[in-house]
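Subject: Structure handover

Hello,

Here is the structure for your set. Please keep it open while you read the notes.

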Protein chains: 2
Amino acid sequence: MEGVEKVRSFNRTVTRRLGVLNERYLGRDRPLVESRLLFEIGAQGAAVRELRLRLGLDSGFASRLLRGLERKKLVRTDPTGADGRVRIARLTRSGLAELERLNSLSDDLARSMLAPLSPDQAQRLVAAMGEVDRLLCASSIEFGEADPRTVDAEGCLQKYYAELAARFPNGFELHADDAPAAEDLLPPAGCMLLVRLFGEPVGCGGIRTLEPGLGEIKRMWLSPRVRGLGLGRRLLAELERTGMARKLRTIRLDTHGSLAEALHLYRACGYREIPRYNANPYAQHWFEKSLS
Amino acid sequence: MEGVEKVRSFNRTVTRRLGVLNERYLGRDRPLVESRLLFEIGAQGAAVRELRLRLGLDSGFASRLLRGLERKKLVRTDPTGADGRVRIARLTRSGLAELERLNSLSDDLARSMLAPLSPDQAQRLVAAMGEVDRLLCASSIEFGEADPRTVDAEGCLQKYYAELAARFPNGFELHADDAPAAEDLLPPAGCMLLVRLFGEPVGCGGIRTLEPGLGEIKRMWLSPRVRGLGLGRRLLAELERTGMARKLRTIRLDTHGSLAEALHLYRACGYREIPRYNANPYAQHWFEKSLS
DNA sequence: ACATATATCTGACTAAAGTCAGATAATGGA
DNA sequence: TCCATTATCTGACTTTAGTCAGATATATGT
């Protein structure tokens, strides 16, 4: 197959070019994991738990790495106020300086990729990299069921509410909403899907059962940074699939008139507008689709 | 800077997506270097020397890796006929089977990058990857001085002669050519540049002194796989730079009428056609440029 | 023939990156 | 209050990926 061969050639070339980065360039006399850890801690600091998850480290290994960075006076770890078990790693003044140096080395690498090219080529390379970046993100997206009470799901829902509050002309209050309880979005009554990019939650969507055979889609949201990648369609299709698996024959949903991209998505995906079917004060449009 | 930030984002995304490949995917219970070595040995086999150079391995380390693969019955190494010191590593039957598996895993990875996308997105991703691949190759090219008698330079020259023989209507015989001796392309008389892509020679160009202040460009060639990347211009500019460093004020060169891209390149780079200045039987056009 | 260089190999050593078993302390729910 | 869970930490161990110093055999130029 033609396409696959091109993708493999891309993989080879990019791995070779970026291998430099991972082996020597950023390794300023410092093991690679330490540099990655400094990157992940970042200027704001991060919980040890977060660091372990993001870098996929063994807890013992992570702990020992942090002790090492503490000995070098690059990191401090303090307990959080909220949970006495969780500790937060923060960069010290010299840790921040080191992060600055790493960032500037990353910039140098990026510049060295553009420097040998003509202005026209450099511009085309940046454009093509942007395209690959976006489409590779789209292809790396994973959908998975999640309990709406977990931290990740809760975080998405909070961002969803915040966006509604910002976009609705008269704001948004959760208690006035026809809010589904957590159990409504859990099997067997319904289900919630989380959208993840490299493990990080970037969107969500839930489906609940209104009556046997009739479901409703709620809480569908995608982070602004992953919009325009065709994920709305994919998330909707995933939700419909889980609906079908739960023997739903019809799906309904409602939305506000100010959410133009949502209206467009529902129409494009075969939803037809129907009369008001609920008392949701924020709903202005009601849709329905039969699952074949 | 806008472009640099986009390049860095690309680097992050691609590293994360391809990290899977380098850490676990191809590591089917086998250290990464071993897999890379199997890849490099390939179906035809390769000299140990070649493998060390291509993968940048310490000679002792390479030797021990090969012994390990031999113990696992994946590789055989035999002496070459030509040079009693050089040994060639070849894959055994089960080594070939393992290479097949690695290739099919690479294909799977490539397919998994395209699978979640819509046909239109997949096509755009392949196109953008092709563009990045080509331009990243262009930006990874390195120019370096080389002795024309080394294996790498000799290899480029042979391919250059072979191409002339194929393209000239009446063929090409080296002895009939106004061939520069090796010393003519070595300091102080002249110099030869090799074009390398990830260390591998993909082109060459030489400059010799005809008389004080007057130089001539000879043996300029680029491998077909790196054509169309604007490297002709860059190689020519590099040669002119070394000419200037050697106090040349004027550069001449000749070429055959069937080498259309060469004619176009010279004209575009400020060379103007002059009358015949030598007895080269294969020359049909003569050019000159003053180095400012 | 002789010095020098090249290709490979062996053995001893090291650093980086992790794995695993269990200890300790705080949290959350019954 | 008790019990299971979670977050972190410590110590012992392993694998991976090298580096370095030399040994050996072959090739090459003078």
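The notes below cover the DNA contacts and then the protein interface.

Conventions come before the findings. This is a predicted model, in which local features need pLDDT of at least 70, side-chain atom pairs count only at pLDDT 80 or more, and totals for chains, interfaces and linings use all residues. Residues are numbered from 1 along each chain as its sequence is written, chains are lettered from A and ligands numbered from 1 in the order in which they are written, and side-chain values use heavy atoms, with hydrogens and water left out.

**DNA strand D**

DNA strand D is surrounded by 21 residues (near means a heavy atom within 4 Å of the strand). The closest are R49(A), R64(A), R87(A), P31(B) and G84(B). Of the atoms of DNA strand D that come within 4 Å of the protein, 70% belong to sugar and phosphate.

- R87(A) places a side-chain N or O atom 2.6 Å from a phosphate oxygen of DNA strand D.

α4(A) gives the largest share, five residues. By class, the surface has 10 charged, seven nonpolar and four polar residues.

**Chain A with chain B**

The contact (heavy atoms within 4.5 Å) takes 45 residues from chain A and 46 from chain B. Together the chains bury about 4700 Å², 67% of it on carbon and sulfur atoms (accessible area lost on being put together, 1.4 Å probe, summed over both parts). R8(B), L135(B) and F198(B) supply 13% of the area that chain B buries against chain A, more than any other three residues.

There are four salt bridges between the chains (a side-chain nitrogen of Lys or Arg within 4 Å of a carboxyl oxygen of Asp or Glu). R8(B) makes one with D107(A), at 3.2 Å from N to O. On chain B, α1 (2-25), α5 (93-114) and α6 (119-140) each supply at least two residues of the side that touches chain A.

Best wishes

Key:
Polar contact = N/O pair within 3.5 Å; in protein donor to acceptor, adjacent residues only side chain to side chain. Helix = DSSP H or I, 4+ residues; strand = E, 2+ residues; numbered from the N terminus. Nonpolar A, V, L, I, M, F, W, Y, C, P; charged D, E, K, R; others polar. Buried area = accessible area lost by both parts, 1.4 Å probe.
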